[in-house]
Amino acid sequence: MEYTLSLALVDFLPVAFTAIGLFYIVRMVAHVNASQGRVAALGAALTVAGGLFKAMWKLFMASSNGNVDIRWMDDGLFAWMAPGYTLLAFSVWQTVRSVRGRKTFHAWLAPGILIVLMFAGSIYLYISDPNSPAWERILLSVMVLATLITGILLVIFGFRQKMPLAGWLFIVNLAGIFLLNGLARLPEQTIALQWIEETINTVSWLAFMIAASRVYQYTRENFGVDPAGTVQPVTA
């Protein structure tokens, strides 16, 4: 696959929008529960790292005419983002439960077990057959599922808390992810098609960033945490 320098540079835009959006999500989670905020922060850092390394790989490839090919930056995308989104999905789920007055669970136990099992299965498949893409598909499947769960939780939270704009913007983000997944499966990835994909990706994560900032602001203004750790609506 070929990349132009301008295309590679534009790829940093959705990474930046994702990072800013996840910053607001982490702040939202941490406002409700500090322990869950640390889970979300680690998840966000891993997710952004995966996207940043991928963008840097494209930039190196484009600027060197394909001579600088740092494979771990490309191949490691799912290895960073799968655990990252798993942690994000769990922390957002816990936050939504807290806001609704529901019981929450240990911050690290469940996502930690899932991540260990995921990597154990992926490593086993890689050792069994290094030429098979099965090891990578496990990571991809977990990443897609965790991304979908996180997005759906945020959509529901937006509409349930009477923030329809945020809800629709999160839907735009999910629609962009699904559309990109379909376009990425096309056998011929021309430069024109890559520009279409990059535009969709940028708009999708811009929508996510705007929505995330709105839900954080809403949570900070409308919910407080008492000394016992119970989330309470803020009253005037």
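Me: How much space lies in the largest cavity?
Reply: In this predicted model, the largest cavity holds about 60 Å³ of space, and the structure has one cavity of 30 Å³ or more.

Me: Which residues line the largest cavity?
Reply: The lining is made up of Y85, T147, T150, G151, L154, F170, N173, L174, I177, W205 and F208, and the elements that contribute two or more residues to it are α7 (134-160), α8 (164-184) and α9 (191-222).

Me: How many charged residues are in the lining of the largest pocket?
Reply: There are 10 charged residues in that lining, alongside 21 nonpolar and eight polar ones.

Me: What about the second largest pocket, what volume does it have?
Reply: Its volume is about 190 Å³, and it is lined by Y85, T86, A89, F90, W93, L114, V142, L145, A146 and I149. By class, nine of these lining residues are nonpolar and one is polar, while none is charged.

Me: Which element gives the most to the lining of the second largest pocket?
Reply: That is α5, with five residues, although α5 and α7 each supply at least two residues of this lining.

Me: Switching to the core: which residues touch the most other members of the largest nonpolar core?
Reply: Among the 48 residues of the largest nonpolar core, I25, F170, F208 and V215 touch the most other members. The elements giving two or more residues to this core are α2, α3, α5 (77-99), α6 (109-128), α7, α8 and α9, and the largest share, 11 residues, comes from α5.

Me: Last one, at what angle do helix α2 and helix α3 cross?
Reply: The axes of helix α2 (residues 12-32) and helix α3 (residues 34-63) cross at roughly 175° and come within 8 Å, and α2 and α3 are therefore roughly antiparallel to each other. Their contact has 17 nonpolar and four polar residues, and no charged residues.

Key. Residues numbered from 1 in each chain as written. Predicted model: local features only at pLDDT ≥ 70, side-chain atom pairs only at ≥ 80, totals over all residues. Heavy atoms only, no water. Axes fitted to C-alpha atoms, helices over the stretch in contact; angles between N-to-C directions. Helix = DSSP H or I, 4+ residues; strand = E, 2+ residues; numbered from the N terminus. Parallel < 35°, antiparallel > 145°, perpendicular 65-115°, else oblique. Nonpolar A, V, L, I, M, F, W, Y, C, P; charged D, E, K, R; others polar. 1 Å grid on protein atoms, 1.4 Å probe; cavity = no way out; pocket = protein on both sides within 12 Å on 5 of 7 lines; lining within 4 Å. Points joined across faces, edges and corners; volume = space filled by probe spheres on them. Core = buried A, V, L, I, M, F, W, Y, C linked by side-chain atoms within 4.5 Å. Buried < 20%, exposed > 50% of the residue type's maximum accessible area, 1.4 Å probe, protein only.
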